[in-house]
Amino acid sequence: MGSKGMLSRRAMDTDSPVMVQIQELLKGVKGAVSLAQGVVYWQPPKSALEKVRELVWEPSVSRYGADEGLPELREALTKKLLEENKLCKSSVMVTAGANQAFVNIVLALCDAGDSVVMFAPYYFNSYMSFQMTGVTDILVGPGDPDTLQPDADWLEKTLRESKPTPKLVTIVNPGNPSGTYIPEPLLKKISDICKNAGCWLVVDNTYEYFMYDGLKHSCIEANHIVNIFSFSKAYGMMGWRVGYIAFPSEVEGIAQQLLKIQDNIPICASLISQRLALHAMEAGKQWVTDQVKDLVKNRELLADALSPLGKDAVKGGEGAIYLWAKLPEKFVDDFKVVRWLANKHGVVLVPGSSCGGPGYVRISFGGLVEKDCRFAAERLKRGLEELVNDGMS
Ligand SMILES: Cc1ncc(COP(=O)(O)O)c(C=O)c1O
């Protein structure tokens with residue numbers, strides 16, 4: 001069984017996960033600090049952790065649960081979707097994180113060979129989900145050079161001219177890897193373009209609560225729109241693996257198809273994790289925004305660390321936990337720069353090519369408390385000054 005001929009083309013033709021490569025890089029450099037992984041530094045609300053501590057002894061959490069999620073959690077999420085997101089015609093399926101939600105959606109909505117649309121720079125796992133499910137015709141659209149917001153005119157033209165029409169368009173709001181915020185009028189414009197073309201729109205709202213400078217995140221709802229959410233970052237629950245899909249209740253058959261996929265992948269999201277999610281929601285949005293507001297200082301420290309790259313090099317960061325920065329023209333090999341920064345300066349970033357943005361890097365400002373972030377920022381600034389002035393020696 002040594003031959004690659006025995007392995008699936010779908011898996012082999014899928015990009016390698018960049019975060020696994022980053023973890024290898026981190027392991028190889030003693031004392032390196034990471035500004036790479038999209039994580040937050042906080043843990044779930046203490047009150048919620050205390051409550052689930054007792055629950056491990058309850059027999060029900062060791063059994064299987066309902067495929068679509070714990071009824072109490074779905075009820076709480078339906079209320080949250082209505083009150084916070086103004087989504088009143090959506091049904092909820094709880095998944096093992098937003099990544100699994102995305103795979104469920106691709107399997108339920110797309111066939112192998114379909115074409116789909118995303119915008120650069122894109123979230124690498126969404127790209128890989130398309131690749132590994134056989135959706136290999138991935139059209140990558142441009143963003144506005146200044147704001148990085150998806151180019152709606154390009155989308156309209158592409159959906160009109162591509163035959164057959166792409167099946168699905170996906171966007172992340174606010175974005176990963178850029179932190180770019182998509183304002184409601186643009187969201188509506190993209191939605192109308194998709195509707196007119198007879199195409200699904202999938203919006204990943206993983207960072208809905210991660211908004212800065214008074215900007216407000218909003219969601220939209222229609223029978224061609226599916227929204228995805230996550231507990232991972234907001235409630236510091238990355239390892240607990242809980243996310244959810246809000247799909248249009250009126251669309252016939254979608255719930256049944258999603259259930260088939262759910263039943264064959266996790267069966268149900270971990271029950272103890274769902275109970276934690278339910279208790280975390282008791283702490284609620286205010287608890288999350290209290291954590292998020294402290295990230296503004298990290299963003300400021302890292303924006304300053306990136307200043308050697310020049311005034312216009314740094315984009316995004318209106319939301320989420322990311323800044324997106326252009327390397328000087330002569331350093332097109334962003335993987336090489338990332339390796340050099342790790343080995344020589346002990347600081348790790350994500351290379352932009354893994355997100356469809358060669359010559360750029362992604363910097364995460366969520367994973368470190370301010371003191372550690374300041375330390376990482378100092379290393380980064382020193383590294384970038386050397387890169388710009390003397391190159392990679
Ligand atoms: C845009 C986006 N979607 C989904 C995920 C994955 O979230 P989860 O942990 O809920 O699977 C991430 C994590 O970085 C993300 O940035």
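Is Ala 320 buried or exposed? Select Ala 320 to start: its relative accessibility is 0%, so Ala 320 counts as buried (buried means under 20% relative accessible area, exposed over 50%, partly exposed in between, with a 1.4 Å probe and protein chains only). Before moving on, keep in mind that this is a predicted model, in which local features need pLDDT of at least 70, side-chain atom pairs count only at pLDDT 80 or more, and totals for chains, interfaces and linings use all residues. Residues are numbered from 1 along each chain as its sequence is written, and side-chain values use heavy atoms, with hydrogens and water left out.

**Stop 1: around Ala 320**

Stay on Ala 320 and check its backbone. Its phi is near 55 degrees, a positive value in a residue other than glycine. Ala 320 sits in the loop between β9 and β10; helices (H or I, at least four residues) and strands (E, at least two) are DSSP runs, numbered from the N terminus.

**Stop 2**

Now select β9 (314–315), β10 (322–326), β13 (360–364) and β12 (350–351). These four strands form an open sheet in the order β9-β10-β13-β12, with antiparallel pairing. Two strands pair if DSSP finds at least two bridges between them. At the edges you'll find β9 and β12, each pairing on one side only.

Zoom in on β13. Four of its five residues are buried, so β13 is largely enclosed by the rest of the structure. Its pairing with β10 is antiparallel and runs over five bridges, while two bridges join β13 to β12, also in the antiparallel sense. Which residue of β13 is the bridge partner of Trp 324? Click on Arg 362.

**Stop 3: α2 against α12**

Next, show helix α2 (18–28) and helix α12 (334–345), whose axes are 11 Å apart and pack at an angle of about 30 degrees. Axes are lines fitted to C-alpha atoms, for helices over the stretch in contact, and angles run from 0 to 180 degrees between N-to-C directions. That angle makes α2 roughly parallel to α12 (angles under 35 degrees count as roughly parallel, over 145 as roughly antiparallel, 65 to 115 as roughly perpendicular and the rest as oblique).

Contact here means heavy atoms within 4.5 Å. By class, this contact of α2 with α12 has six nonpolar, one polar and one charged residues (Ala, Val, Leu, Ile, Met, Phe, Trp, Tyr, Cys and Pro count as nonpolar, Asp, Glu, Lys and Arg as charged, and the others, Gly among them, as polar).

**Stop 4: α7 against α8**

For another helix pair, pick α7 (152–161) and α8 (184–197). Their axes come within 10 Å and cross at roughly 5 degrees, and α7 and α8 are therefore roughly parallel to each other. From α7, select Ala 152, Asp 153, Leu 155, Glu 156 and Leu 159; they meet Leu 186, Lys 189, Ile 190, Ile 193, Cys 194 and Ala 197 in α8. Sorted by class, the contact of α7 with α8 has eight nonpolar, no polar and three charged residues.

Step back to Leu 148, in the loop between β4 (137–141) and α7. Leu 148 has a positive phi of about 70 degrees although it is not a glycine, and at 15% relative accessibility it counts as buried.

**Stop 5: two cis peptide bonds**

Select Ala 120 and Pro 121: the peptide bond between them is cis, with omega near -5 degrees. Pro 121 lies in the loop between β3 (115–119) and α6 (124–132). Then jump to Asn 176 and Pro 177, also joined by a cis peptide bond, where omega is about 20 degrees. Pro 177 belongs to the loop between β5 (168–172) and α8.

**Stop 6**

Ser 115 lies in strand β3 and is buried, with a relative accessible area of 9%. Leaving aside neighbours within four places in sequence, Ser 115 is in contact with Asp 137, Pro 164, Thr 165, Pro 166, Lys 167 and Leu 168.

Finish at Ala 222, in the loop between β6 (200–204) and β7 (225–230). Ala 222 is partly exposed, with a relative accessible area of 23%. Draw a distance from its C-alpha atom to that of Ser 90, 132 residues apart along the chain: the separation is 8.8 Å.
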